[in-house]
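Please work through each task before reading its solution.

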Amino acid sequence: MDNSSPILTPPSAPRDFGFFLDGAFVPAGERDVFERSSPGHGVPVSRLPRCSEADLNAAVASSRKAFDDRRWAGLPGAERAAVLLKAAELIRERAEEIAYWETLENGKPISQARAEVGGCIGMFEFAAGLARALHGDSFNNSGDGAMGIVTREPIGVVGLITPWNFPFLILCERVPYILASGCTIVAKPSEVTAVTTLMLAEVLSDAGLPDGVFNVITGSGSVIGQKLAEHMDVDMLSFTGSTAVGRSVVEASGKSNFKKLGLELGGKNPQIVFADADLDDAADGVAFGIAFNTGQCCVSGSRLLVERSVADVFAEKVAEKLRKVRVGDPLDEATQAGAITTDAQNRTILSYIAKGQEEGATLISGGGTPEISGGQYIEPTVFTNVTRDMAVASEEIFGPVLCVMPFDDMDEAIAIANDTEYGLAASVWSKNIDKALTVARRVQAGRFWVNTTLAGGPELPIGGFKASGWGREAGMHGVEEYTQLKSIHIEFGKRNHWVA
Ligand code: TXE
């Protein structure tokens with residue numbers, strides 16, 4: 001891919017990909033193939049095999065063997081780190097190709113895809129250090145003649161089910177950390193955005209990852225994903241996706257081997273704006289928080305809570321910003337908001353926009369469906385006169401739809417913020433440190449931003465409170481999630497006999 005090329009275009013014909021088993025690509029052969037069209041252009045771009053249950057079993061057996069024979073877990077952390085650093089280098093070399101395919105299958109702007117791939121390189125580099133830093137504890141206070149050691153051991157074979165909204169970023173918020181721990185992986189990407197996961201498999205193999213440590217199966221969630229969640233030889237499952245499927249993987253774990261679960265599910269995230277905030281900065285941040293990735297982010301700031309004295313003025317400021325967001329062809333460098341990724345998601349968002357109006361909310365901006373390059377697009381949309389009981393205010397829409405609600409004081413803002421089953425992320429905008437930190441402490445969310453939003457880095461763990469999920473990914477916590485603790489009690493010297 002030529003980075004200097006001014007205009008990128010979709011491929012003239014769809015490209016065939018195989019799935020990745022035991023260190024090599026397997027072409028579709030006799031298997032059914034599913035074709036993916038670019039949501040930004042409406043033309044087919046990729047064709048992938050629909051893997052069978054036998055393929056899944058082969059992938060799990062491969063990862064099982066690679067874990068049990070210790071070809072990866074048995075290496076010194078420094079050797080695992082070297083592979084992760086090499087992978088970072090290879091992602092950097094292939095960044096443009098990965099970003100292009102991410103944009104083609106997901107519909108996100110190419111500039112954003114490039115930035116995300118850049119972030120993924122940082123994840124690999126940081127996780128490489130963690131492979132060396134991971135350690136346990138020791139207890140030297142058990143009295144003379146005894147001591148205790150707590151070791152962290154990789155949990156085993158990890159099933160990794162990822163969604164379509166950030167196919168490469170969400171993958172890279174997990175894979176390097178899981179690999180740093182010494183685990184092996186069977187990845188099942190979303191059926192509509194699998195290509196960049198397959199590219200990562202190739203990158204890892206080229207970086208020296210032993211065969212079998214990272215397998216990728218392609219196919220439907222309801223068949224292959226479900227079987228992965230039920231599999232007796234999978235020790236842990238990391239699932240990112242809808243709350244409904246999250247519930248079903250919890251059941252699958254309970255009905256099989258009680259595999260440990262990491263879950264990152266939905267969100268209905270508040271942005272709390274006080275009158276003392278820098279309102280221009282806040283308006284820009286709120287606009288970014290809802291229009292970025294066309295609102296198809298589990299951490300999108302979809303509920304705007306504004307102090308009543310500035311509510312109308314501020315809503316208009318945000319709407320003004322959103323009207324200027326450049327919605328366009330995702331392959332155009334200037335585009336800020338691209339296409340809606342799936343037909344189903346497009347229908348869901350449009351149905352919520354209609355519902356908001358039926359429920360009596362006032363649409364002050366957006367709501368249109370511009371015709372661009374043969375794809376599916378929705379303008380960033382703002383509703384005012386929203387009440388907490390409305391569906392648009394309480395249910396995850398997963399689209400560029402912002403609901404504005406006023407509040408009178410900090411306690412009310414916190415109460416509205418916490419009035420949701422979810423607890424993924426939240427932001428506060430205020431120049432008063434007392435208010436900002438009190439809100440940060442009392443809002444129930446796994447990620448919190450002060451005078452910014454949707455920010456972070458490979459050091460910070462991610463995950464949710466309440467129904468938004470279990471466990472944490474990324475950072476040192478994200479490596480520790482994939483380990484289990486073993487307590488080793490050691491005695492030395494002469495034993496005090498129990499039997500005389
Ligand atoms: O998600 P699914 P969908 C939310 C968002 C969106 C809604 C539906 O609200 O509107 O979910 O999106 C795999 N067993 N999020 O339907 O189905 C599937 O193949 C095991 C939030 O696309 O949950 C894919 O790989 N796996 C979210 C992954 O699950 C199954 C991101 C997610 O798809 C399965 C995406 C099954 N029975 C959607 N069925 C976030 N937290 O960021 C499907 N899958």
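Domain bounds, as used here, come from an automatic or database domain assignment. The model is predicted, so that local features need pLDDT of at least 70 and side-chain atom pairs pLDDT 80 or more, while totals for chains, interfaces and linings use all residues. Residues are numbered from 1 along each chain as its sequence is written, and side-chain values use heavy atoms, with hydrogens and water left out.

**Exercise 1.** Find which domains supply the shell around the ligand.

*Solution.* Start with the domains: domain 1 (15-265 + 468-486) and domain 2 (270-450) each give at least three residues to the shell. Next, turn to the residues around the ligand (a heavy atom within 4 Å), where Trp-164, Glu-191, Ser-242, Gln-345 and Glu-396 come nearest of the 25.

**Exercise 2.** Identify polar contacts of the ligand (pairs of N or O atoms within 3.5 Å).

*Solution.* First take the ligand's oxygen atom that lies 2.8 Å from a backbone N or O atom of Thr-162. Then consider nitrogen: a ligand nitrogen atom is 2.9 Å from a side-chain N or O atom of Gln-226, and a backbone N or O atom of Gly-241 lies 3.5 Å from a nitrogen atom of the ligand.

Terms used:
A polar contact is a pair of N or O atoms within 3.5 Å; within protein, one must be able to donate a hydrogen and the other to accept it, and residues adjacent in sequence count only if both atoms are side-chain atoms.
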